[in-house]
Amino acid sequence: MSEQRHSQWRGIRAKSAAWWFNTRARTRVEHGVLETIRSTVRKDDVVLDLGAGTGFFALAVAPMLDGGRVVALDLSPDMLSGLVRHATRSRLTSRIEPVVAEATKTGLPDASVNLVISGNLLHELPDPAAALNEMARVLKPGGHVVIQDFHDGIVGRLMKALHHHQARGALGTDEIGRQLRAAGFSDVRVTASGVRYLATGRKNSICEAQERPEAPSGHEKETERGVIPSPHATGV
Ligand SMILES: C[S@@+](CC[C@H](N)C(=O)[O-])C[C@H]1O[C@@H](n2cnc3c(N)ncnc32)[C@H](O)[C@@H]1O
C-alpha cells in the first residue's frame with residue numbers, strides 16, 4: 001500500500017485544531033489515556049507521541065517528566081507550530097522535542113524510547129500495521145504502548161470520509177488487538193468506550209523474545225478487554 005506523504009492538517013484546519021484539540025472538552029476515554037500514561041511513565045523516560053498534532057497528550061505528559069523528554073512527532077509542521085505555541089505558554093519547551101516525520105519512518109534509533117503514545121492517529125494512516133511495527137522497533141524491550149483512536153463504529157466509519165482517500169479508516173477492537181500482537185506486543189488489552197478504544201501493550205523483553213520467538217496459539221486467546229495494565233517497563 002502506498003504511503004501518505006503529506007498531511008491534511010495544514011493552514012486553517014491546523015489553527016482550529018490548535019484551539020479545539022487543546023480544550024478540556026476532550027472525552028472521558030481520552031482523559032483515561034492520561035491516567036494510564038500517568039501510572040506507566042517514569043520521570044526520566046523518553047516518550048514518543050506519534051501523531052502528536054497540537055499536543056493534547058504531549059503537553060499533558062511533559063509535566064510528569066523530570067530529566068526525560070517527549071518526542072512529539074507529526075507529519076504536519078502547522079500542527080507542531082500549534083504545539084510549540086502551547087508549550088511556550090506553559091514553559092514546557094525544554095521537555096518537548098517537536099519532530100516533523102512520517103509515523104512509519106520516525107528516524108529514531110532502535111530501542112530508544114520507553115513509552116509510545118498515540119492519540120487519534122491510526123485511522124488516518126494507509127497502513128496502521130506499519131506504524132505499529134515502527135512503535136515496536138523504537139521501543140526498548142519491556143517498553144509500553146498506549147494507543148487511543150476511534151473504533152469502527154458509526155462515528156469511526158464516518159471519520160474516514162474526512163481524511164485522505166488512502167486512509168485505512170478506524171480499526172475494530174479485535175483487529176487492533178491482533179495487529180498489536182503481530183507487531184510483537186504482549187499483555188495486550190483493548191477497552192472500548194463510546195466511539196473510541198484504548199489499547200495498551202508491552203514490547204516483549206529480550207528474554208521473552210528469545211524464549212518465545214513466535215506467539216504460541218494460546219497467546220492468541222489472551223484477553224483483550226479489561227483493566228488497563230500499569231506496570232512500568234522493566235529491564236530497559
Ligand atoms: C486527529 S489529529 C490528533 C492529534 C493529537 N494526537 C490529538 O489527539 O490531539 C491526527 C494527527 O496525526 C497526524 N498525522 C496524520 N498522518 C500522519 C502520518 N502519516 N505521520 C505522522 N503524523 C500523521 C496529523 O498531521 C494530525 O496532526
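Author: Let us begin with burial. A residue is buried if 20 or more other C-beta atoms lie within 10 Å of its own, exposed if 12 or fewer, and partly exposed in between, with C-beta atoms placed from the backbone. This is a predicted model, in which local features need pLDDT of at least 70 and side-chain atom pairs count only at pLDDT 80 or more, whereas totals for chains, interfaces and linings use all residues. Residues are numbered from 1 along each chain as its sequence is written.

Reader: Is L34 buried, exposed or partly exposed?

Author: L34 is partly exposed because 19 other C-beta atoms lie within 10 Å. L34 belongs to helix α2 (residues 28-40); helices (H or I, at least four residues) and strands (E, at least two) are DSSP runs, numbered from the N terminus. From C-alpha to C-alpha, L34 is 9.8 Å from I117 in space, and the two are 83 residues apart in sequence.

Reader: What percentage of the residues in the protein chain is buried?

Author: Of the 236 residues in the protein chain, 42% are buried. In β1, four of the five residues are buried.

Reader: How should I read the pairing of strands?

Author: Strands of a sheet pair through backbone hydrogen bonds, either parallel or antiparallel. Two strands count as paired if DSSP finds at least two bridges between them. Here, seven strands form an open sheet of mixed pairing, in the order β3-β2-β1-β4-β5-β7-β6. Its edge strands, β3 (96-100) and β6 (185-193), each pair on one side only.

Reader: Which strands pair with β1, and over how many bridges?

Author: β1 pairs in the parallel sense with strand β2 (residues 69-74) over five bridges, and V46 has R69 in β2 as its bridge partner. β1 also pairs with β4 in the parallel sense, over three bridges; there, V47 stands opposite L115. L115 in turn stands opposite H144 in β5. Six bridges join the parallel strands β4 (residues 113-119) and β5 (residues 139-150).

Reader: What surrounds the ligand?

Author: A residue is near a molecule if its C-beta atom, placed from the backbone, lies within 6 Å of it. The ligand is surrounded by 20 residues, and the closest are G51, G53, S76, A103 and G119. By class, the shell divides into 10 nonpolar, seven polar and three charged residues. Ala, Val, Leu, Ile, Met, Phe, Trp, Tyr, Cys and Pro count as nonpolar, Asp, Glu, Lys and Arg as charged, and the others, Gly among them, as polar.
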